[in-house]
Amino acid sequence: MSEKKLGEHIITVDNVSKTFTGGIQAVKNFSTKIRRSEVLVIMGPSGSGKSTLLRCLNGLEEPDSGTIIIDGIPLDDDKRHRLEIRKEVGMVFQQFNLFPHLTALENVNLAQIRVRKKSKKEATEMSMDMLTKVGIAEKAHCYPAQLSGGQQQRVAIARALAMMPKVMLFDEPTSALDPEMINEVLDVMKNLAREGMTMVVVTHEMGFAREVSDWVIFMDDGQIVETGTVEHFFKNPREERTKLFLSQIL
Amino acid sequence: MLKQKVRFKLLDLILIIFCIGIVYFIFYRINVQLEYRSNWAAIPRYLLRKDPSTGKLIPNYLLLGLFTTIRLSVWSTLLGLVVGVIMGIFRTTKILFLRLVGRIYVEFIRNLPPLVLIFLFYYFASGQILPLLGVEEFIRTRSASAQAILAFFFAEKALFTQFVSGVITIGLFEGAFITEVVRSGIESIERGQREAAYSLGLSWLDQMRFIIMPQAIKRILPPLGNEFISTVKRSSIVSAISIQELTFQGRQLATSTLWVFEVWITVALMYLMLTLILSFAVSAMEKRLRISD
């Protein structure tokens, strides 16, 4: 992973805060920078604000204050900026969120045709490439309900990849999976990381973090508690909260 | 679903005999105690009559009323569907003004007695809206053949304005109920569906068109079917504003001939025929939807 060439900063998060109606402050004055081709893993106990932060990065949540810039485009009120960012940032959800009334292929095709304005033929070609990449091309004509959780999540990854995103966000992509299906999804993600995709991954999969992540943020209470490489977290975490958390998940 | 075998038991037999007994008793009371002379033979001539000039059978009062009820139901269902889908979507948007419009529409209509609403709408629609739309002018200036076509699909020239206000009234009334059906259908779609579509860059319109509505429609088809049946039943209320549909014709006939029971039972059977056909269609559709799940 050290031979991977890291580029300039592609994501800049500056002083972002988000409070939900009801007064729960999910993210507090959060700042970070992520380079092109970097794989960042975000960890933290549930309710620590890591999913909210991730969802802010593609506009699914609206930060109350602070700025987010992705590939030079500020995520502000300008609709064109937001659309551009939605196109360039792929998102994979914990619950897959495949469209149940469409086949796997149609799931992957739809946004290419409607958003990227490709012809159906072009889109299908790209979709089959992506489904092959995630190892599920033979299920292209199945509906989501006919697929296992691991297969559904791989289709969801293919769907995001087919948009040729510059950044991929993963929101606990393996948390809803049965244990025997976790690896098939992680393998796809590892390959993606090795190909140089910029990835921000919220996960507790230490094996994944160890193999492909460039660095890790440990979050609690909406703030960064500690950052470092995975090795740092394994060998000598500084903060008490980090130690406590790691002792629980390892 | 587990299928339970239907078995005919002694209790069922007793209940059936009991029900037959009650029906017999009612007829006995009508015939003997009220000394009501039934005259069922008179009814058919109010369904069909002979045209004196050509000698052909043509529909008479009751059948004409049934046709008007069908026309009224079809058009007001279509209007209600259009209004209901638009308002239903309004009620689920992020824009406060549109939500407010949808909410006011639904609350206004659902919380007034239908009869009051009919009068309100009737005088408002026929007094204000229709002249504005130039309906009267439109029908009067059509050619004879165009008028015949309009008479077939809507109503004849003399009753056209009334018919249109009736359709608007029932359509808007049904629309409020369909609004709520559509809203609940849209809201029943998991949030993640919209989030995934949003993340892929789909516009709001595309999200609705390709993701939300196709799933919502499947879920709301059965309750929507029930609203269609309700439309047929509720259409009877426009008899209050002299639209010559089935209930109106029935009342005219019953008061002039005094064959109260025969006329109303015939009217009831005619309504049942319409609604039962629709209801069978709805349950057949529900069954098909269940298979594809």
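Reply:
**Cysteines, then charged pairs**

B:Cys19 is partly exposed, at 46% relative accessibility. Buried means under 20% relative accessible area, exposed means over 50%, and partly exposed lies in between (1.4 Å probe, protein chains only). A:Cys56, by contrast, is buried at 1%.

A word on the ground rules. This is a predicted model: local features need pLDDT of at least 70, side-chain atom pairs count only at pLDDT 80 or more, and totals for chains, interfaces and linings use all residues. Residues are numbered from 1 along each chain as its sequence is written, chains are lettered from A and ligands numbered from 1 in the order in which they are written, and side-chain values use heavy atoms, with hydrogens and water left out.

Now the charged pairs. Side chains of opposite charge can pair when their charged atoms come close. A search of the whole structure finds 31 salt bridges over all chains. The cut-off: a side-chain nitrogen of Lys or Arg within 4 Å of a carboxyl oxygen of Asp or Glu. Three of these pairs follow.

Take A:Lys133 and A:Glu195. Their closest N and O atoms are 2.8 Å apart. A:Lys133 sits in helix α4 of chain A, and A:Glu195 in the loop between α6 (179-194) and β8 (198-202), so the bridge ties together parts 62 residues apart in sequence. Helices (H or I, at least four residues) and strands (E, at least two) are DSSP runs, numbered from the N terminus. A:Lys133 is partly exposed, at 38%. A:Glu195 is exposed, at 53%.

Next come A:Arg154 and A:Glu184. Their side chains meet in a salt bridge, 2.9 Å from N to O. This pair links distant parts of the chain: A:Arg154 is in helix α5 of chain A and A:Glu184 is in helix α6, 30 residues apart. A:Arg154 is buried, at 11%. A:Glu184 is partly exposed, at 25%.

B:Glu180 bridges to B:Arg110, with the closest N and O atoms 3.9 Å apart. Distant parts are linked here too: helix α8 (residues 160-187) holds B:Glu180, and helix α4 (residues 96-110) holds B:Arg110, 70 residues apart. Salt bridges that share partners join B:Arg91, B:Arg103, B:Glu107, B:Arg110, B:Glu180, B:Arg183 and B:Glu187 into one network. B:Glu180 is buried, at 13%. B:Arg110 is partly exposed, at 38%.

Back to chain A, for a helix covered from both chains. Helix α3 (residues 104-114) is mostly covered, with 8 of its 11 residues buried. They are A:Ala104, A:Leu105, A:Asn107, A:Val108, A:Asn109, A:Leu110, A:Ala111 and A:Gln112. The cover includes α4 (120-133) and α5 (149-161) of chain A, together with α10 (204-234) of chain B. Contact here means heavy atoms within 4.5 Å. Helix α4 also carries A:Lys133, and helix α5 carries A:Arg154.

The loop between β6 (89-92) and α3 of chain A holds A:Phe96. Its phi is near 65°, a positive value in a residue other than glycine. A:Phe96 is buried, at 9%. A:Asn97 lies in the loop between β6 and α3 as well. A:Asn97 has a positive phi of about 55°, though it is not a glycine. A:Asn97 is buried, at 12%.

Finally, the setting in chain B. Chain B has 12 helices and 2 strands. Buried residues make up 39% of its 293 residues. Its radius of gyration is 24 Å, whereas a compact globule of 293 residues would have one near 19 Å. That radius is taken over C-alpha atoms, and the globule rule is 2.2 Å times the number of residues to the power 0.38. The C-alpha trace spans about 75 × 65 × 35 Å along its principal axes.
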